[in-house]
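Dear colleague,

I am passing on the structure that we spoke about, and my notes on it follow below. Please read them with the model open beside you.

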Protein chains: 2
Amino acid sequence: MTITEQSPDRPGFTPLYQQVRDLLLSRISTGAWRPAEALPSEHALAAALGVSQGTVRKALDSLAAEKLVERRQGKGTFVTLHTQESTQFRFFKLTFDSGERALPLCKESTITRRPAKDDEQKFLGLLSLAEVFAITRNRFAEDRPVLRETIIVSAELLQKLDTHQPLPNTLYMFYQAEYGISIASASERIKAVGADKDVAHALSVEVGAPVLLVERVAFDLTRRPIELRKSFYLTDSLHYTVNLG
Amino acid sequence: MTITEQSPDRPGFTPLYQQVRDLLLSRISTGAWRPAEALPSEHALAAALGVSQGTVRKALDSLAAEKLVERRQGKGTFVTLHTQESTQFRFFKLTFDSGERALPLCKESTITRRPAKDDEQKFLGLLSLAEVFAITRNRFAEDRPVLRETIIVSAELLQKLDTHQPLPNTLYMFYQAEYGISIASASERIKAVGADKDVAHALSVEVGAPVLLVERVAFDLTRRPIELRKSFYLTDSLHYTVNLG
DNA sequence: GAGTGGTCTAGACCACGCA
DNA sequence: GCGTGGTCTAGACCACTCT
């Protein structure tokens, strides 16, 4: 039984379970099931789609592997909800040198609306007259400044973002709850640079002091770029961790 | 049918496919099949182990997901062989700002044998009288120095490493070919620091210039620590990339 | 054509969560 | 006790590779 009919020998062959996967993903990303809601059971989906339970299972397993859904034995399959614990450690890989996970808190924050710059248009896929919100804030760990970050998002996509003040510590939970946008992946470029005047002041170091620059593009479920983030970390007492598998 | 007999209700339950997975992994790590060799077919393994082909498949799929084996339709399942292309980009995530992958080449290299320092003993799990090889080398991209790295390995485990000169650019291929040790994962700590005199000289920058410090512990198939590596990168024209999935 | 992994099915039974 | 996902099986057929 196939969903998109295809004769049984052409080259552009797509496995059934992947068609099911894509179908479920599109339903999730258009909000047919909201975060934290349960999907129908494997058995129900299989019956509804006219495929076997094993095929539905394979589709759901692949979504679970990408953390787009969570499966809980005995309960059901749920659309992933961004929570403090889960998201924080998935997208913010900062650790104190002692080994403890670090969660620097925002203390100062400004938000402005302005036309998008060229590179911002390019990375976010915006039109040339588009506007963006630019959030600049400093984060503290143990009462010391450790991070200065600037966040750029489309003003059209995240409407009235500037009316929500103060903005929460973890924006990704907020994007999901307020705008139905789930950040699913991100890619980062890391460099060591000397602090400029602005960064030096924010982090209480001298101009030229070595700081870690992390430039991030964050994507939603459909790999649409949502957010640009430029962070300067003071890595005296903490570090960025990476696991290569 | 179970491999390790277990009554069907106790808490410490291990799925059959995981027992098969562990068995195959232990055979691979002890060298029963060498890198690039084919494992027996699913059908043959299933018959030999007295389980169904679907169970063997699930075990092999999980090994393939961790890149410990590679599956090729129509050919067979092969123990992963570290090659220039595959390993290089898996463990060295360096990219030119232009977007091109960077493969800095070693130009200078020294190797010495000496007693292990305290932290080296700790991270590599060595005894207190153990000795290590320490390799220090500089790497160049486009005729400019971009990296100074120091590599620490157990002298007992990688015997006579110092007789192989010059050492190859990519050590992980060499560990596998020469010692049967496959690096399967690694974890890294990243900081921005000021160059000390030694690093500054090697990278042709001033003392105190910002450089990216990457400290790595690399593990074999059984997650035994094999190598300690401390790298200082000059990130003027290139950067470290991370994908958060 | 023979042999390999890849897909798909149907059904049995187990482990878990909850009422 | 029921419904959920998790494991395991047996077998059919498809896609790819090599001879």
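Where in chain A does Asp143(A) lie? Asp143(A) is in the loop between β5 (131–141) and β6 of chain A, where helices (H or I, at least four residues) and strands (E, at least two) are DSSP runs numbered from the N terminus. Its phi is near 65°, a positive value in a residue other than glycine.

Before going further, some conventions. This is a predicted model, in which local features need pLDDT of at least 70 and side-chain atom pairs count only at pLDDT 80 or more, while totals for chains, interfaces and linings use all residues. Residues are numbered from 1 along each chain as its sequence is written, chains are lettered from A and ligands numbered from 1 in the order in which they are written, and side-chain values use heavy atoms, with hydrogens and water left out.

Backbone geometry

Most residues other than glycine have a negative phi, and most peptide bonds are trans. The peptide bond from Gln165(A) to Pro166(A) is cis, with omega near 0°, and Pro166(A) sits in the loop between β6 (144–154) and α6 (171–179) of chain A. In chain B, the bond from Gln165(B) to Pro166(B) is likewise cis, with omega near 0°, and Pro166(B) is found in the loop between β6 (144–154) and α6 (171–179) of that chain.

The interface of chain A and chain B

The size of an interface is often given as the accessible area lost when the parts come together. Here chain A and chain B bury about 2400 Å² between them, 54% of it on carbon and sulfur atoms; buried area is the accessible area (1.4 Å probe) that two parts lose on being put together, summed over both. The contact (heavy atoms within 4.5 Å) takes 31 residues from chain A and 31 residues from chain B.

Between the two chains there are 19 residue pairs in polar contact, both residues being at pLDDT 80 or more; a polar contact is a pair of N or O atoms within 3.5 Å, and within protein one must be able to donate a hydrogen and the other to accept it, with residues adjacent in sequence counted only if both atoms are side-chain atoms. On the side of chain A that touches chain B, α4 (84–91), β7 (183–194), β8 (210–220) and β10 (238–244) of chain A each supply at least two residues, and β7(A) gives the most, with 11 residues. By class, that side of chain A has 13 nonpolar, nine polar and nine charged residues, where Ala, Val, Leu, Ile, Met, Phe, Trp, Tyr, Cys and Pro count as nonpolar, Asp, Glu, Lys and Arg as charged, and the others, Gly among them, as polar.

β7(A) also runs antiparallel to strand β10 (residues 238–244) of chain B, to which five bridges join it; two strands pair if DSSP finds at least two bridges between them. Within this pairing, Ser187(A) has Asn243(B) as its bridge partner.

Four salt bridges cross the interface of chain A and chain B, a salt bridge being a side-chain nitrogen of Lys or Arg within 4 Å of a carboxyl oxygen of Asp or Glu. Lys191(A) and Asp97(B) meet in a salt bridge through their side chains (2.8 Å, N to O).

The DNA strands

DNA strand D is surrounded by 21 residues, the closest being Gly74(A), Leu16(B), Tyr17(B), Thr55(B) and Gln73(B); a residue is near a strand if one of its heavy atoms lies within 4 Å of it. Sugar and phosphate account for 75% of the atoms of DNA strand D that come within 4 Å of the protein. A base nitrogen of DNA strand D is 3.0 Å from an N or O atom in the side chain of Arg57(A), whereas a polar side-chain atom of Lys75(B) lies 3.1 Å from a phosphate oxygen of DNA strand D.

Around DNA strand C there are also 21 residues, of which Leu16(A), Tyr17(A), Ser52(A), Thr55(A) and Gln73(A) come nearest. For DNA strand C, sugar and phosphate make up 78% of the atoms that come within 4 Å of the protein. A phosphate oxygen of DNA strand C is 3.0 Å from an N or O atom in the side chain of Lys75(A), and a base nitrogen of DNA strand C is 3.0 Å from a polar backbone atom of Gly74(B).

With best regards
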